[in-house]
Amino acid sequence: MPSKTKKQSILVPVDFSPHSEAALLCAAELAEVLELPLMILHVVHDLGQAPGYYAIKGRKIHLARMEDVAANMLDEFMRKLRQKFPRGQSLKDAQTMLVIGLPVNRILETAVAALETTGGDPAVRQLQAIVEENRQARPILAMGALNRIGDMRFAADEWSQAKEAYRLV
């Protein structure tokens, strides 16, 4: 039986785009407020042309192992963010994870696995507290928390509760 006492973390999938940088910075701010750790996830999408390898362009095109290239890109992405926002303790302490597969599937698998080890109900209660505390001052944060509650209820096949959470967004 999974442990329900393990501290939750905030999972942030990144693809190194400006949008994922913005999402990570919002998550880092949330992590600081909630005193939760960040888990930064990058999913390496294995392309069919050269399975297991990325083409590296330079003077000559050569192939490099996907995991190696992606790990370097993730390290560089995090280094730049930590340098850009040196006071962000949650960014400094963030853990990174690199997995291979279809991004949507692997992100969901990682999120569900995290819920199973930390317990879903406390997560929902915590998200509901975020909604209540931020409904007026930070409505976008409250909507994001409601959306996450809906996602969690949907994943647990709790259809009516998921529908209600999504309706409130």
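In the predicted model, Ser-20, Glu-21, Leu-24 and Leu-25 of helix α1 are in contact (heavy atoms within 4.5 Å) with Phe-77, Met-78, Leu-81 and Lys-84 of helix α2. These contact residues comprise five nonpolar, one polar and two charged, where Ala, Val, Leu, Ile, Met, Phe, Trp, Tyr, Cys and Pro count as nonpolar, Asp, Glu, Lys and Arg as charged, and the others, Gly among them, as polar. Helix α1 spans residues 18-34 and helix α2 residues 66-84; their axes lie 12 Å apart and form an angle of about 55°. The two helices are therefore oblique to each other. Axes are lines fitted to C-alpha atoms, for helices over the stretch in contact, and angles run from 0 to 180 degrees between N-to-C directions. Angles under 35 degrees count as roughly parallel, over 145 as roughly antiparallel, 65 to 115 as roughly perpendicular and the rest as oblique.

Ala-94 is located in the loop between α3 (89-93) and β5 (95-100). With a relative accessible area of 11%, Ala-94 is buried (under 20% relative accessible area, whereas exposed is over 50% and partly exposed in between, with a 1.4 Å probe and protein chains only). Not counting residues up to four places away in sequence, Ala-94 touches Leu-38, Ile-40, Met-78 and Arg-82. The C-alpha atom of Ala-94 is 6.3 Å from that of Pro-37, although 57 residues separate the two along the chain.

Overall, the protein contains seven helices and five strands, with helices (H or I, at least four residues) and strands (E, at least two) taken as DSSP runs numbered from the N terminus. Along the sequence they follow the pattern β-α-β-β-β-α-α-β-α-α-α-α. Of the 169 residues, 33% are buried. Among contacts between residues at least 6 apart in sequence, 61% join residues at least 24 apart.

Residues are numbered from 1 along each chain as its sequence is written, and side-chain values use heavy atoms, with hydrogens and water left out. Local features need pLDDT of at least 70 and side-chain atom pairs count only at pLDDT 80 or more, whereas totals for chains, interfaces and linings use all residues.
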